[in-house]
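I open these notes with the annotated span, then turn to the overall fold and to one pair of packed helices.

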Amino acid sequence: MKMPGHGRYAHSAIPTRPTYEWPNGARLAVVVCNNIEAFAYRAGLGSDSTGAAAPQGQRNYAWRDYGNRVGLWNMLDMLDELEIPCAHNVNGAVLDACPEIAPALVARGDEFVGHGRTNAERQDGMWEEDERRLIAESRDAIIRHSGSAPAGWLGPYIAQSAVTLDLLKEEGFSYVMDWPADDQPFWMTTRAGPMLSVPYSIELNDSPAQVFRQHTGRQFAEMIIDQFDEMLEQSRKRPLVCSIVLHPFVVGQPFRLRALRDALRHVMSHRDRLWVARPGEMARYAAGLPKGVVPGSEMLP
């Protein structure tokens, strides 16, 4: 039997890998990733507060727009209070439409990650030339608003075409978060050279958890605590990445934010045992480890 395959990375079981440490001797890295998104009005794609697929209208557009008008600012206040660095997966269109956002992220020293032009569209059904244009326009918007090019990419809806990795590498990106296959970084192949995959959770993610599976804010907070506590214990054996994924129109709602603050306060109470990092910092650190340590690194020059 010959099943279709991706050819992007080889199998690697985590107990068979070399052990290493994160900076400061930590074994567990915590990464908080926030998604800042723009949507079309009454058109295209977009989630709905009811959880089910719903026609695009003023109600679900306004619910999502709450994230850019109010929810994000609630979240940034909380992150400042807890002294948590953050990475933001940003649609290019949101930086143009909401001029206060980029300066606030720059002031925090946070990382901008490419996240397409808008979450009203997906790239996995595009022709290669159109997808390349989407990637370039997203990158260029971040350059205009932040002053530097993003190193990382997360596609809208975590979607990729068969050539996305190749295009990203050719357009100057060095890591992706679209392949939730591991709790450690690993190297992938592209036609232009190696690309690093950095862990990004689709489980510990407020959108599928609270919008689609209809978990409460307290249940999501419990998920964060359980994931973190278990990974902290597992990290005695090997280095791991605990990725926490947020959206301002979801957890930026005050009743959910209160539960999230409690969970993150629990995580930060163990800060002396953690590396609290942004994904770009993690990618650079992993890229600097000796060949043979990170899965797939044998392909590196």
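**Notebook: annotated span, chain, helix pair**

I looked up the UniProt record, an unreviewed entry, and it lists residues 65-176 for "domain: NodB homology"; such annotations may be inferred rather than shown by experiment. The model is predicted, with local features needing pLDDT of at least 70 and side-chain atom pairs pLDDT 80 or more, while totals for chains, interfaces and linings use all residues. Residues are numbered from 1 along each chain as its sequence is written, and side-chain values use heavy atoms, without hydrogens and water.

For residues 65-176 I noted 52% helix and 11% strand, with the end C-alpha atoms 26 Å apart. Helices (H or I, at least four residues) and strands (E, at least two) are DSSP runs, numbered from the N terminus.

I then took the protein chain, which has 10 helices and nine strands. Its radius of gyration, over C-alpha atoms, is 19 Å, close to the 19 Å of the globule rule (2.2 Å times the number of residues to the power 0.38) for 301 residues, so the chain is as compact as a globular protein of that length. Of the 301 residues, 54% count as buried (under 20% relative accessible area, 1.4 Å probe, protein chains only).

Last, I checked helix 1 (residues 58-82) against helix 3 (residues 101-108): their axes, lines fitted to C-alpha atoms over the stretch in contact, come within 12 Å and cross at roughly 10°. The two helices are therefore roughly parallel (angles under 35 degrees, on a scale from 0 to 180 between N-to-C directions). The contact (heavy atoms within 4.5 Å) involves residues including Leu72 and Trp73 of helix 1 and Ala104 and Leu105 of helix 3.

Methods
Parallel < 35°, antiparallel > 145°, perpendicular 65-115°, else oblique. Buried < 20%, exposed > 50% of the residue type's maximum accessible area, 1.4 Å probe, protein only.
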